[in-house]
Amino acid sequence: MSNRRKIKRKSVPSLTPAKMFKALVTAFQNRLQLLLVGAPGVGKTALVLQAAAKLGYNVIIMHPVVSDPTDFKGLPCLVNGKAVFLPFKELQEMIDADTPTIVFLDDLGQASAAVQAAAMQLILGKRINGHNLSDHVIFVGATNRREDMAAVQGILEPVKSRWHSIVGLECDVNAWLEWAEEEGLNRFVRAFIARRPKLLHDFQPSQDMVNTPSPRTVANAAAVIDAGFPAEVKRVMIAGAVGEGWATEYLAFEDMVDRMVDPTVVIQAPDDVDVPTDHDVLYVLCLALAENATDANFNNIMTFANRIKGREFQKLLVSTATKRDEELKNTTGYITWASANPELHN
């Protein structure tokens, strides 16, 4: 019998996107360096860029997986008879930085051991081969997990310990829906994910040439849908973006809600149209009305909203509309509704 003890794989402590954003901002402000871990397409890069933008920091993005150790060490050459290492573009920018600068090492876990070792000297000592980096430089890294089949071989133990903290990024449907609304992603896709939240992130790595659902691929699917492909190729194009199962379920959902009452008819005759009883259809209609809301028609929209029995759908319609346009809160329809439903508008 072998005496070898089985090693239990430990999970990475993780945060939701909203909490990770706050963690990154605080870390950057305190010059702490984090390594983010998560599945492909979960939003690691986007959060780093958003946190840097929040603080007004510059960003240098590097991809160690396609780098050579000399990209971090500089190119060896003779200058005045002496061997020196001349820095490349990114390294020179790190040396010359005169304002806070985030250096983002993306997909670090895919890099070779030699590249990781070269980067390690910069991460810890901010110095390599006679070159001192600017005190304004702050490193942040990101990597997929080994189980993601993203060619991640692991990260050297000395490199791991160079980070102040290693934190996983979870997928959060509500955070994605907020982002998708801000980006103006297709409202049918947003409604589909809101009603089928498990289909935002059903990442299943394989060696086959197929995609599976992740926040990134769902956003890609929305772009494919907006492109208006002919009916005979639409399903295949969506499946190519996010997988066969997702495409089949989405198109069935789209076919159903496509038969809903026209939002313009609701706005013109809010007392006369029937309120949909199917929650999927009602959800999409609320989003459509919110996106078409103006000062001129919001009183009519609120007339219809007050007829909706599901209070969560009232809140969805009103909050989405007023988030797009704060001035709508000054309309009679909103003021009357807010007075009658104080627990919904707060």
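1. A term before the core: a nonpolar core is a set of buried Ala, Val, Leu, Ile, Met, Phe, Trp, Tyr and Cys residues joined through side-chain atoms within 4.5 Å. Keep in mind that this is a predicted model.

2. The largest nonpolar core has 58 residues. Trp176, Ile193 and Trp246 touch the most other members. Helix α13 (residues 279-291) gives the most to this core, contributing 10 residues.

3. Leaving aside residues up to four places away in sequence, Ile193 touches Val173, Trp176, Leu177, Leu199, Leu200, Val218 and Trp246. Two of the names in that list, Trp176 and Trp246, are also among the residues that touch the most other core members.

4. β6 has a partner in strand β3 (residues 58-62): the two run parallel and are joined by 5 bridges. Asn58 has Thr101 of β6 as its bridge partner. β6 also pairs with strand β9 (residues 137-143), again in the parallel sense and over 5 bridges. There, Thr101 stands opposite Val137 of β9.

5. On to charge pairs. A salt bridge here needs a side-chain nitrogen of Lys or Arg within 4 Å of a carboxyl oxygen of Asp or Glu. By this rule the count comes to 7 salt bridges. One of them joins the side chains of Glu291 and Arg187, at 3.4 Å from N to O. Glu291 lies in helix α13 and Arg187 in helix α8 (residues 187-195), so this pair ties together parts that are 104 residues apart in sequence. Glu291 is partly exposed at 25% relative accessibility. Arg187 is partly exposed too, at 26%.

6. Helices α8 and α13 are linked by another pair. Arg195 forms a salt bridge with Asp280, with the closest N and O atoms 2.9 Å apart. Arg195 is in α8 and Asp280 is in α13, so parts 85 residues apart in sequence are tied together. Arg195 is partly exposed at 30% relative accessibility. Asp280 is buried, with a relative accessible area of 10%.

7. Which residue forms a salt bridge with Arg235? The partner is Glu244, and the closest N and O atoms are 2.5 Å apart. Arg235 is partly exposed, with a relative accessible area of 35%. Glu244 is partly exposed at 48%. Elsewhere, salt bridges that share partners join Arg187, Arg190 and Glu291 into one network.

8. Next, the surface. Leu49, Val59 and Ile61 form a nonpolar patch there, with about 200 Å² of accessible area together. Leu49 sits in helix α2 (residues 44-55). Leu49 counts as partly exposed, at 35% relative accessibility.

9. Last, a loop. Thr277 is found in the loop between α12 (263-268) and α13. Thr277 is exposed, because its relative accessible area is 75% and exposed means over 50%. Thr277 and Ile308 are 31 residues apart in sequence, and their C-alpha atoms are 9.5 Å apart in space.

Key: Residues numbered from 1 in each chain as written. Predicted model: local features only at pLDDT ≥ 70, side-chain atom pairs only at ≥ 80, totals over all residues. Heavy atoms only, no water. Patch = residues over 30% accessible without salt bridge, like charges linked within 9 Å, V, L, I, M, F, W, Y side chains within 5 Å. Areas by Shrake-Rupley, 256 points an atom, 1.4 Å probe, with all protein chains shown as cover. Helix = DSSP H or I, 4+ residues; strand = E, 2+ residues; numbered from the N terminus. Buried < 20%, exposed > 50% of the residue type's maximum accessible area, 1.4 Å probe, protein only. Contact = heavy atoms within 4.5 Å. Pairing = 2+ DSSP bridges.
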